[in-house]
Amino acid sequence: MKYHDAATSKGGWLSREHTVAEPGFNRWLVPPAALCVHLCIGEVYAFSVFNKPLSLLHATVGADGTKVPGADDWSIASLGWIFSIAILFLGLAAAFGGTWVEKVGPRKTMAAAAALFGGGFLVASLGVAWHQLLLVYFGYGVLGGCGLGLGYISPVKTLMSWFPDKPGMATGMAIMGFGGGAFIASPLSVWLMGIGGVAFAFVVLGIVYFVYMMVGATIVRVPPKGWLPQGYVAPRQSKGLITTANVHVDEALKTRQFWLLWGVLFLNVTAGIGVLGQASLMSQEMFPGLITAGAAAGFVGLLSLFNMGGRFFWASTSDYIGRRNTYMVFFALGIVLYALVPTTGQMGSIVLFVLFYGIILSMYGGGFATIPAYLKDVFGNQYVGAIHGRLLTAWSAAGIVGPVLVNYIRQYQIDSGVPKADAYTVTMYIMAGLLAVGFVLNFMMKPVDERHHMEAEPAPSRA
């Protein structure tokens, strides 16, 4: 089966040709460029700080001094769709834009992501000022979500091209920024809202994020054709799941391996994102009187650090123990920890609860950071960016399924008379069951059949 690359874009500062590194360029400048983008788009994990203020835009102050929503204020349930729409379009943009990213290179993609993500905030600010929720959906959800998707995948292949000796570590350095973006965005957003309200915060964030993402686009470079790190010898033969061949993005979708990895990512993210969304509430309900709302907020911030650190730690570890083995650890250890979390509540052990939850979130983030290198191992480097984009539709699906599972099962348990402290037990056991299925799917991974390989090895890519 033979494929030919599409012609690369020509001319202009944003083109691929203008991002080819000059001799002597330091490859360690590329991870900071990627971090400029990922630290910005990681704000999506902190969007929940806007929910309550958005629901009280026209509020009045009651007799007891508390704010009472106005008659036309938006409900929390309707505001919850902003995050879901953003994650949905993240996956769609990554899937449908992956091939375009391969063609135009990282700089143009990062610039497009900056315009969409920053512009999405500006459009959403108009929706807040005019009190038009559909405009907020379109601005932050659709435009911002497309910026999320393009920004997320834009540096992945470039990083692995610069670091063929440590592809897991390279992608982990960038993608950890996505996990840590909320750690910066949450207090910054609260501070900005305190100064000028939600619309003002949206405008400032949109401008700031656009500028910083463009800094990343300015710094980023792709290696010259045929470049390799000094002393690195590229493998000449495939070994295990690590192939020296390449699979075209369209052909990858015809392989069993792609769909096994889709299921692996979907199940890992479903379990993680489901409990991540309820971390604050779960901690307060499992330890009533012991964990206050303020302590729960600190707990969520701590989880953000575990999420961020896990992306670098697990992705780097995968360079030594292999991607398949790393996911085996995710699923095997995850099954045990999810099953034990309810026990920590029954024991009244806050320390074990926090520790188990932290490790769970580190593996949730580690799954995101490890999957690009896993795809490179299985399908080769030539189209890994586009294949990664298609695979991220698993994230979109998990972003809907995970929270729905946790929220509805919890509510059903409470409606059935189960105490709030015990309402998560069934949920955690179900999540452990999902991870068991993921373990089996990952165990089934084998090298791609040679009939799916490209017939002629293409010339080394510039990105």
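Author: Let us begin with a term: a residue is called buried when its relative accessible area is under 20%. Please note also that this is a predicted model.

Reader: How far does helix α16 reach from its first C-alpha to its last?

Author: Helix α16 covers residues 425–443, which makes 19 residues. At 1.5 Å a residue, a span of 27 Å is expected. The span in the model is close to that, at 27 Å.

Reader: Within what arc do the buried residues of α16 fall, seen down its axis?

Author: The buried residues of α16 include Thr425, Met428, Met431, Leu435 and Asn442. In an α-helix, residues three or four places apart point the same way, because there are 3.6 residues a turn. The buried residues of α16 line one face of the helix, since they fall within an arc of 155 degrees.

Reader: Is Asn307 buried or exposed?

Author: Asn307 lies in helix α11, and its side chain makes a polar contact with the side chain of Arg311 at 2.9 Å. Beyond four places in sequence, the contacts of Asn307 include Tyr45, Gly179 and Leu361. Its relative accessible area is 3%, and the limit is 20%, so Asn307 is buried.

How values were computed. Residues are numbered from 1 along each chain as its sequence is written. This is a predicted model: local features need pLDDT of at least 70, side-chain atom pairs count only at pLDDT 80 or more; totals for chains, interfaces and linings use all residues. Side-chain values use heavy atoms; hydrogens and water are left out. Helices (H or I, at least four residues) and strands (E, at least two) are DSSP runs, numbered from the N terminus. The expected span of a helix is 1.5 Å times one less than its number of residues. Buried means under 20% relative accessible area, exposed over 50%, partly exposed in between (1.4 Å probe, protein chains only). The arc is that of the directions from the helix axis to the C-beta atoms. A polar contact is a pair of N or O atoms within 3.5 Å; within protein, one must be able to donate a hydrogen and the other to accept it, and residues adjacent in sequence count only if both atoms are side-chain atoms. Contact means heavy atoms within 4.5 Å.
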